[in-house]
Amino acid sequence: MCKLLTQVGLVSLLILLLGWTLPATAQVSVQAGISRDSLVRVYDTRTIYGYGDRYIMGGRQLPFRKLKTEFAAGVTSDLYRQGRQDRAVSRLLGVGAIAALVSSAIIRKDQRAGGIALLVAGIGLNLGSLRFTKKSTELVDRALWLRNKDVLLGAR
């Protein structure tokens with residue numbers, strides 16, 4: 001008998017809790033609908049996302065150099081600045097790699113050892129360029145992610 005009363009008490013408590021939480025859940029979904037629409041509007045107009053080597057905000061394309069004005073001082077700006085520096089190093093190494101590879105092809109006819117050395121140097125410079133490109137992309141993506149989070153949820 002005591003077990004039956006305990007089960008009836010638990011069922012009653014469960015029904016009572018459901019009765020109170022369902023109207024609260026309905027109110028939250030209505031309020032979430034309003035804030036959801038405003039979040040969608042902010043997401044569509046103010047967030048930036050990368051599309052290959054291009055960046056898009058509000059349906060229009062932003063060149064990489066214009067991203068500078070979109071970051072507030074602090075972590076995001078520092079990440080962007082470091083990514084920009086790594087991008088410049090990557091381009092410099094890429095130009096050096098091309099120059100070494102072209103020189104290798106020209107010199108290789110007359111001086112085989114020098115041509116091979118330049119070929120190896122060109123390959124090394126190209127690999128370094130790829131490493132800096134990857135690092136730059138990761139830093140800028142992280143800066144954009146933090147910036148978009150701040151735009152959507154408010155500054156920390």
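1. A salt bridge is taken here as a side-chain nitrogen of Lys or Arg within 4 Å of a carboxyl oxygen of Asp or Glu. By this rule the count comes to four salt bridges, and it should be kept in mind throughout that the model is a predicted one.

2. On the overall make-up, the secondary structure of the chain amounts to three helices and three strands, and these elements, read from the N terminus, follow the order α-β-β-β-α-α. The chain has 156 residues, of which 21% count as buried. Its accessible surface is about 11,400 Å², with 64% of that belonging to carbon and sulfur atoms. Where contacts in the chain between residues at least 6 apart in sequence are considered, 54% of them join residues at least 24 apart.

3. Among the salt bridges is the one between R147 and E70, whose closest N and O atoms are 3.2 Å apart. This pair links distant parts of the chain, with R147 placed in helix α3 (residues 112-153) and E70 in the loop between β3 (60-62) and α2 (75-107), 77 residues apart.

4. Which side chain meets that of K135 in a salt bridge? The partner is D86, with an N to O distance of 3.5 Å. This pair, too, links distant parts of the chain, since K135 belongs to helix α3 and D86 to helix α2, 49 residues apart. K135 counts as partly exposed because its relative accessibility is 36%, while D86, at 4% relative accessibility, counts as buried.

5. Another salt bridge joins the side chains of R81 and D78, at 2.5 Å from N to O. Both residues lie in helix α2, three residues apart, which is about one turn of the helix. R81 is partly exposed, its relative accessible area being 45%, and D78 is likewise partly exposed, at a relative accessible area of 39%.

6. Turning to the aromatic side chains, a search of the whole structure finds three aromatic pairs. One of them is formed by Y55 and F64, whose ring centres are 6.0 Å apart and whose planes stand at 45°, so the pair is classed as tilted. Y55 is buried, with a relative accessible area of 7%, and F64 is buried as well, with a relative accessible area of 12%. These two residues belong to one aromatic cluster that is formed by Y55, F64, F71 and Y80.

7. Two arginines deserve a remark in relation to rings. R87 lies over the face of F64, at 4.0 Å from the ring centre, so that F64 takes part both in this arrangement and in the tilted pair with Y55 described above. Elsewhere, the charged end of R131 sits over the ring of F132, at 5.8 Å from its centre.

Methods:
Residues numbered from 1 in each chain as written. Predicted model: local features only at pLDDT ≥ 70, side-chain atom pairs only at ≥ 80, totals over all residues. Heavy atoms only, no water. Phe/Tyr/Trp six-rings, centres within 6.5 Å; stacked < 30°, edge-to-face > 60°. Buried < 20%, exposed > 50% of the residue type's maximum accessible area, 1.4 Å probe, protein only. Lys NZ or Arg CZ within 6 Å of the ring centre and 35° of its normal. Helix = DSSP H or I, 4+ residues; strand = E, 2+ residues; numbered from the N terminus. Contact = heavy atoms within 4.5 Å. Areas by Shrake-Rupley, 256 points an atom, 1.4 Å probe, with all protein chains shown as cover.
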